[in-house]
Amino acid sequence: MTSGESPPKPRRRQYSTGRLEAFSDGVFAIAITLLVLDIAVPARADQHLLRSFIDEWPSYMAYVVSFSTIGAMWLGHNAVTEYLDHADATFVRLNLLLLLFVSFLPFPTRLFAEFIERDSPERVAVTIYGISLLLTATLLMVLWRYALRTKLVRPDADDEEVQLLTQRLTPGLGAYLVLIVAGLFVPIIAVIGYFAIAVFYIIPFRQLRQGLRFWRRARRSPRP
């Protein structure tokens, strides 16, 4: 190297995504399994088992909402990693931070199930629940934005699909903020809203609309 040449820049270490995906899937699976462990009827419910079973409806509702939310987060995380060419050290650590909040979700779920219909404690529990969901969704979006900014996404990724994923990961953040505020006044409305956000991410509305349009065109086309 001559004196006029600048020294070569050190290459950033690249990580394959296989172990990252496997570890992340394991954390999502454990978190979603822990939700059901908090559902139980009282030990002395043998004489009124049906009533005791029905009385546990807050636990069922909390389970369904959290299961749907973690499932939606997993779908989003799966979409992000599908577009990755490789990962770097910062992405791996951001992913760990995301998993920190994912694995924490069973706790606010239990908190909400225990204190629903108790006025002031219910508002506190639903607020903690909503903030936990907001932080988890925010970190998922940050993870994707970081991958785009640092060019970790595959070079052959379709631009339209990349833009669509960016759009799908963004709207829920504002909705979570609105619902957190609403939960201070009508907690049950906030919980229903959290479930609606999860359903929005889970159900492939775009593919359904495309399928519906194809079916309508097929019906209108003349038969031979």
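Biologist: Which residues form one aromatic cluster?

Modeller: First, the ground rules: this is a predicted model, where local features need pLDDT of at least 70, side-chain atom pairs count only at pLDDT 80 or more, and totals for chains, interfaces and linings use all residues. Residues are numbered from 1 along each chain as its sequence is written, and side-chain values use heavy atoms, with hydrogens and water left out. Rings of Phe, Tyr and Trp (its six-membered ring) pair if their centres lie within 6.5 Å; planes under 30 degrees apart are stacked, over 60 edge-to-face, the rest tilted. One cluster is formed by Phe112, Tyr129, Tyr176 and Tyr194.

Biologist: Are the rings of Phe112 and Tyr129 stacked or edge-to-face?

Modeller: Phe112 sits in helix α5 and Tyr129 in helix α6 (residues 120–149), 17 residues apart. Helices here are DSSP runs (H or I, at least four residues), numbered from the N terminus. The ring centres lie 5.7 Å apart and the planes stand at 15 degrees, so the pair is stacked.

Biologist: And how are the rings of Tyr129 and Tyr194 arranged?

Modeller: Tyr129 lies in α6 and Tyr194 in helix α9 (residues 187–202), so the pair ties together parts 65 residues apart in sequence. The ring centres are 5.9 Å apart, with planes at 70 degrees, so the pair is edge-to-face.

Biologist: Is Phe112 buried or exposed?

Modeller: Buried means under 20% relative accessible area, exposed over 50%, partly exposed in between (1.4 Å probe, protein chains only). Phe112 has 2% relative accessibility, so Phe112 is buried.

Biologist: What covers the buried residues of α5?

Modeller: The buried residues of α5 are Pro106, Pro108, Thr109, Leu111, Phe112 and Ala113. Contact means heavy atoms within 4.5 Å. The cover includes α1 (18–37), α3, α4 (89–104), α6 and α9.

Biologist: At what angle do the axes of α3 and α5 cross?

Modeller: Axes are lines fitted to C-alpha atoms, for helices over the stretch in contact, with angles from 0 to 180 degrees between N-to-C directions. Those of α3 (residues 57–82) and α5 (residues 106–115) come within 8 Å and cross at roughly 150 degrees.

Biologist: How many nonpolar, polar and charged residues has the contact of α3 with α5?

Modeller: On the α5 side, the contact is made by Thr109, Phe112 and Ala113. Ala, Val, Leu, Ile, Met, Phe, Trp, Tyr, Cys and Pro count as nonpolar, Asp, Glu, Lys and Arg as charged, and the others, Gly among them, as polar. The contact has six nonpolar, three polar and no charged residues.

Terms used: Helix = DSSP H or I, 4+ residues; strand = E, 2+ residues; numbered from the N terminus.
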